[in-house]
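Student: I am new to this structure and would like a close look at a single part. Please pick a group of charged side chains and walk me through its surroundings.

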Amino acid sequence: MSHHHEKPPQTKAAKYITAGIIILTVIMFIVAFHPFGTIITTPFPEDEVVIAVSMPFEGEMAEFGVEYMRGIELAVEDINEEGGIRGVPVRVEYYNNKGNVTLAKAQFKEIKERGIPVVIGALTSTVTLALAPYAESYEIVLISPAATSASLSAYGNYVYRTVSSDIYLGAGMAKIIGGRNETQNVMLISLDTSYGKSLKAAFLNEANTSYPDMHIVSSITVPDSDTVNTTEIITAMKNTDPQSVLMIVNPSQCIEIMLAAEKEGLDPTWFGSDMVTNRQVPLEVGEYSEGLIGFSQARRISDPSYQDHYEETFGEEMMTRDSIYGYDTMIVVSQAIEHSGYTADGIREGLDLIRHVGLTGTIVFDEKGDAYLSYDVMRLQNGKWVDLPWSEVLTFEKKAAVISSAHGTSSH
């Protein structure tokens, strides 16, 4: 007699249970071994993942736009070499907004009609602020690698940025300038734009709160243009004799102001916002621009090989480092899509979960879509922008803290 027993036939219910267990096992396997441990339930592109970029490639800010584009291109190259996003290659659709608000809005509507759920841009705070309401209304993610206006924090749903708010950079400017001398006269020249107003307000708030002996002897507002009334500025400089001049202006305006001051034999210590930290200033102003101190978002590159890759790809030295923000922004967008899908809400979910260590440092977004604070200080030396050593930056800040505490205030 055999000890083998035949299995009883499975009932329909048993078959369904068995099938269900198999499917659940497969799902758990995918979740466990997918790089992000997530399953996308919304449709995902089969041929290509298209990401829109809105930047100026002509006009006053073209140099910066091209730099961000170069970083984005290098990121796309790296992403596609590693298999794309979920096996699908990435392609960027560039929109040249020329720094023009009307044109940028029209292009944004076109992006909506094409069904692209995410836009990297814009560059200036003015254009980005103009697009922000459209991003909220159209439910398209807008993520800027450059716009710093504090006003952008009001758009917390679909608007993000990989740079920190002017609130932090403006306060940093006050700390560095305030740390030079206990008592000094300072002249402030700022753009009549959201960017200029935001930085100016943050600078003045920190200066007035923490450094009462840093006297703002002249504050001149200039229009958003490629030219400036240097006669008014030079007259004010002669009348007030500032030890320090802070320029929150366009690159061409910075050049005009410094050339006019040199002609008149004026020699204050010059400071400039991130707008002036470009290659044109040392090229056109020359030796007189030596020593100009510039402030910017953090630009110390965590991976030295990036600079070699940049110079090999584009055939020229990397004079400014704006491209690293373009690179990191493209990477976090691709990771968000990889994690949560090619929809605006999916990308939002992915960005809210991002903890990315990139070329610019750690990128984490707060509840307003803002990246956490960081800034760098540079000086023009031998015609090139050189990072101030942290020891020197800290020396400025420590002196500023001593001055601040001596007046019973607290520097943040």
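**A buried arginine and its network**

Tutor: Start with Arg279. Its relative accessibility is 16%, so Arg279 counts as buried. The cut-off for that word is under 20%. Keep in mind that this is a predicted model.

What does Arg279 pair with? Its side chain meets that of Glu63 in a salt bridge, at 3.7 Å from N to O. The two partners come from distant parts of the chain, 216 residues apart. Glu63 sits in helix α2. Arg279 lies in the loop between β9 (269-272) and α9 (280-285).

Now move along to Arg70. This arginine forms a salt bridge with Glu316, and the closest N and O atoms are 2.8 Å apart. How covered are the two partners? Arg70 has a relative accessible area of 14%, so this residue is buried. Glu316 stands at 31%, and therefore counts as partly exposed.

These pairs belong together. Glu63, Glu67, Arg70, Arg279 and Glu316 are linked in a network of salt bridges.

Next, look at helix α2 itself. After the helix comes Gly83, with a positive phi near 105°. An α-helix has 3.6 residues a turn, so residues three or four places apart point the same way.

Asp78 does have a polar partner. Its side chain makes a polar contact of 2.7 Å with the side chain of Tyr327. Leaving aside residues up to four places away in sequence, Asp78 touches His309 and Tyr327.

Step back to the salt bridges of the model. The count comes to 15. One of them joins the side chains of Glu48 and Arg91, at 3.0 Å from N to O. That pair links distant parts of the chain as well, 43 residues apart. Glu48 is in the loop between α1 (12-33) and β1 (49-55), and Arg91 is in strand β2 (residues 90-96). Glu48 has 33% relative accessibility, so this residue counts as partly exposed. Arg91 is also partly exposed, because its relative accessibility is 30%.

The chain has 13 helices and 14 strands. Of its 412 residues, 52% count as buried. Take the contacts with a separation of 6 or more: 71% of them join residues 24 or more positions apart. The accessible surface comes to about 18600 Å², and 53% of this belongs to carbon and sulfur atoms.

Terms used. Residues numbered from 1 in each chain as written. Predicted model: local features only at pLDDT ≥ 70, side-chain atom pairs only at ≥ 80, totals over all residues. Heavy atoms only, no water. Polar contact = N/O pair within 3.5 Å; in protein donor to acceptor, adjacent residues only side chain to side chain. Contact = heavy atoms within 4.5 Å. Salt bridge = Lys/Arg side-chain N within 4 Å of Asp/Glu carboxyl O. Helix = DSSP H or I, 4+ residues; strand = E, 2+ residues; numbered from the N terminus. Buried < 20%, exposed > 50% of the residue type's maximum accessible area, 1.4 Å probe, protein only. Areas by Shrake-Rupley, 256 points an atom, 1.4 Å probe, with all protein chains shown as cover.
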